[in-house]
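Please read the following points with the sequence and the model open beside you. They proceed from single residues to the protein as a whole.

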Amino acid sequence: MSEPLLNLVPRAEAVQSMKDFKSDQEVRWCPGCGDYAVLAAVQGFMPELGLARENIVFVSGIGCSSRFPYYMNTYGMHSIHGRAPAIATGLATSRRDLSVWVVTGDGDALSIGGNHLIHALRRNVNLTILLFNNRIYGLTKGQYSPTSETGKITKSTPMGSLDAPFNPVSLALGAEASFVARTVDSDRKHLTEVLRRAADHNGTALVEIYQNCNIFNDGAFEVLKDRDRAQEAVIRLEHGQPIRFGTGLAKGVVRDPATGDLEVVEVTPANEDRILVHDAHATTPTTAFALSRLADPDTLHHTPIGVFRSVDRPVYDTLMAEQLDTAVEQHGNMAEQLDTAVEQHGKGDLAHLLTGNDTWTVTG
């Protein structure tokens, strides 16, 4: 078992507060944006980690959410569109004394950055990735994004989007991510708890955060936020607990014995023993993936939130460090070996090495 990341990051010398993690930069999102709620939750949660602020790094790509590093009084980098996971991977693997966080959006992570995201997940690098999903391109003024529902009318799809949307949780589980969760920007308690569990995870943790864009896609998740409708729509996943929801927990999730698919049923004495018990630590992601497919992309009825999967598997940066240590043990210090070779054989001729014996000169 590899050593948990937080054990390698230096501890803060004094008790910290939310104020310590607020930068002196003016927060410049549209009034009412869901990003404010996420920023406040992260700033309020950070002191719990007890880590030195100079050993915490926030890396972002391009988008509204990607202004996040400016507002955190830690180290940070506003990087390149879609490339935040690649840059963060370099940091995490070369500096294991850092707690590295990625802040990205549905367009940044799942369009131009899709390839970088899935490989960070499959490698299981020590990263905590916060994926803000508002199902629209906000920074560039309202074009449809990879998570916009089919038929979405936007500036770039005036007759309705033809694309089938990505389900970020399904995508992450398909990439064998070791920790996958979903939460909602306006549910501060749930958001903070999910962040806490993601930060504790050893390896890549991806948290999808449903986030409202009140300018270009207002009310996209209203069914999950409205007090009356949310009780019938939101499925709160808790490890070791039956998957039940609704008024009086009258609804539950069962597996269809014929197809193996999951379905929502009214709980009765006849089917109560069939209600699934959530296992976030299951070895395979099969059931977690099936849970991620319950939410219809158009209505969002029966949408699970919480931790879908949290399992231990080898961490990339730990394995890489072990390989480097082994190489040094087996072969010694390479710099010393090179110095010895120069003393014995003299300096090499780079031009001769490049041309070798298989080149020729054309004259005339």
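1. A residue is called buried when its relative accessible area is under 20%, exposed when it is over 50%, and partly exposed in between (1.4 Å probe, protein chains only). At 48% relative accessibility, Glu266 therefore counts as partly exposed. Two remarks on the source apply throughout: this is a predicted model, in which local features need pLDDT of at least 70 and side-chain atom pairs count only at pLDDT 80 or more, while totals for chains, interfaces and linings use all residues. Residues are numbered from 1 along each chain as its sequence is written, and side-chain values use heavy atoms, with hydrogens and water left out.

2. Glu266 belongs to strand β10, which covers residues 262–266. Helices (H or I, at least four residues) and strands (E, at least two) are DSSP runs, numbered from the N terminus. Apart from its neighbours within four places in sequence, Glu266 is in contact (heavy atoms within 4.5 Å) with Ala250, Lys251 and Asn271. Gly252 is 14 residues from Glu266 in sequence, and their C-alpha atoms are 6.4 Å apart in space.

3. Leu249 is found in the loop between β8 (244–245) and β9 (251–255). Its phi is positive, about 55°, although Leu249 is not a glycine. Leu249 counts as partly exposed because its relative accessibility is 47%.

4. Asn124 also deserves a look at its backbone. This residue has a positive phi of about 65° and is not a glycine. Asn124 sits in the loop between α5 (114–123) and β4. Is Asn124 buried or exposed? It counts as buried, because its relative accessibility is 0%.

5. Thr147 lies in the loop between β4 (128–133) and α6 (168–174). With 3% relative accessibility, Thr147 counts as buried. Which residues does Thr147 touch, if those up to four places away in sequence are not counted? They are Asp106, Leu110, Asn133, Arg135, Pro165, Phe166 and Pro168.

6. His201 occupies the loop between α7 (188–200) and β6 (205–210). Its relative accessible area is 9%, so His201 is buried. Leaving aside neighbours within four places in sequence, the contacts of His201 are Asn126, Ser178, Phe179, Ser310 and Val311.

7. The salt bridges should be read with their rule in mind: a side-chain nitrogen of Lys or Arg lies within 4 Å of a carboxyl oxygen of Asp or Glu. By this rule the count is twelve salt bridges. One of them joins the side chains of Arg95 and Asp97, at 2.8 Å from N to O. Arg95 is partly exposed, with a relative accessible area of 39%, and Asp97 is partly exposed at 24%. Another pairs Glu149 with Lys152, at 3.6 Å from N to O; Glu149 and Lys152 are both buried.

8. Arg196 and Glu193 form a salt bridge in which the closest N and O atoms are 2.5 Å apart. These two residues are separated by about one helical turn, because they are three residues apart in helix α7. Arg196 is partly exposed, with a relative accessible area of 27%, and Glu193 is partly exposed at 35%. A network of salt bridges links Glu48, Glu193 and Arg196.

9. On the surface, Leu350, Leu353 and Leu354 form a nonpolar patch with about 380 Å² of accessible area together. Patches are made of residues with over 30% relative accessible area and no salt bridge; like charges are joined within 9 Å, and nonpolar side chains (Val, Leu, Ile, Met, Phe, Trp, Tyr) within 5 Å. Accessible areas come from the Shrake-Rupley method with a 1.4 Å probe, and for residues only the protein chains shown count as cover. Leu353 is part of helix α13, residues 350–355. Leu353 is exposed, because its relative accessible area is 66%.

10. Finally, the whole protein. It has 13 helices and eleven strands. Of its 364 residues, 47% count as buried. The C-alpha atoms fill a box of roughly 85 × 55 × 45 Å, taken along the principal axes. Among contacts with a separation of 6 or more, 67% are between residues 24 or more positions apart. The protein exposes about 18,500 Å², of which carbon and sulfur atoms supply 53%.
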